[in-house]
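Dear colleague,

I am passing on the structure below, and my notes on it follow directly after. Please read them with the model open beside you.

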Amino acid sequence: MAQTVAFAAASTSGAVALELEENTIDRLRTLPVARSTVLAGFTNAGLIKTFITVLVTLSCGFAVGWRAHNGISGIRKFMRATNR
């Protein structure tokens, strides 16, 4: 899971760098929006993409027989432990 999140963050930062290099963001700056809107958009898109990836990964794991022996609370504890 941590690897999925790390790759998603790298993907988002790469997309922002590519947009800066191609001057696409300069076109967006001519619009009457806040400067943080572009970064927020990329971040939200990355978050949604990561959520879907984690959901598919967990679904595939459940499909092949993976079970959390401690139930939902065990999954929550694992997620908290890996996010530190």
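This is a predicted model: local features need pLDDT of at least 70, side-chain atom pairs count only at pLDDT 80 or more; totals for chains, interfaces and linings use all residues.

Is asparagine 23 buried, partly exposed or exposed? Asparagine 23 is partly exposed, with a relative accessible area of 42%, where buried means under 20% relative accessible area, exposed means over 50%, and partly exposed lies in between, with a 1.4 Å probe and protein chains only. This residue sits in the loop between α1 and α2 (24-29), and its phi is near 60 degrees, a positive value in a residue other than glycine.

Residues are numbered from 1 along each chain as its sequence is written, and side-chain values use heavy atoms, with hydrogens and water left out.

The packing of two helices comes next. The axes of helix α1 (residues 2-21) and helix α3 (residues 36-63) come within 10 Å and cross at roughly 150 degrees, the axes being lines fitted to C-alpha atoms, for helices over the stretch in contact, with angles that run from 0 to 180 degrees between N-to-C directions. That crossing angle makes α1 roughly antiparallel to α3, a term for angles over 145 degrees, whereas those under 35 count as roughly parallel, 65 to 115 as roughly perpendicular and the rest as oblique. On the α1 side the contact (heavy atoms within 4.5 Å) is made by Thr4, Val5, Ala8, Ser11, Thr12, Ala15, Val16 and Glu19, and on the α3 side by Phe42, Thr43, Gly46, Lys49, Thr50, Thr53 and Val54. By class, this contact of α1 with α3 has six nonpolar, seven polar and two charged residues, where Ala, Val, Leu, Ile, Met, Phe, Trp, Tyr, Cys and Pro count as nonpolar, Asp, Glu, Lys and Arg as charged, and the others, Gly among them, as polar.

Helix α3 itself has 28 residues and reaches 40 Å from its first C-alpha to its last, close to the 40 Å expected at 1.5 Å a residue, the expected span being 1.5 Å times one less than the number of residues. Its buried residues are Gly46, Thr50, Val54 and Gly61, and what covers the buried residues of α3 includes α1. Threonine 50, for one, has a relative accessible area of 13%, and it touches Thr4, Val5 and Ala8, not counting residues up to four places away in sequence.

Just after α3, glycine 65 takes a positive phi of about 110 degrees.

Finally, leucine 20 lies in helix α1 and is partly exposed, at 46% relative accessible area. Leucine 20 touches Ile25 and Arg29, again not counting residues up to four places away in sequence.

Definitions and conventions
Helices (H or I, at least four residues) and strands (E, at least two) are DSSP runs, numbered from the N terminus.
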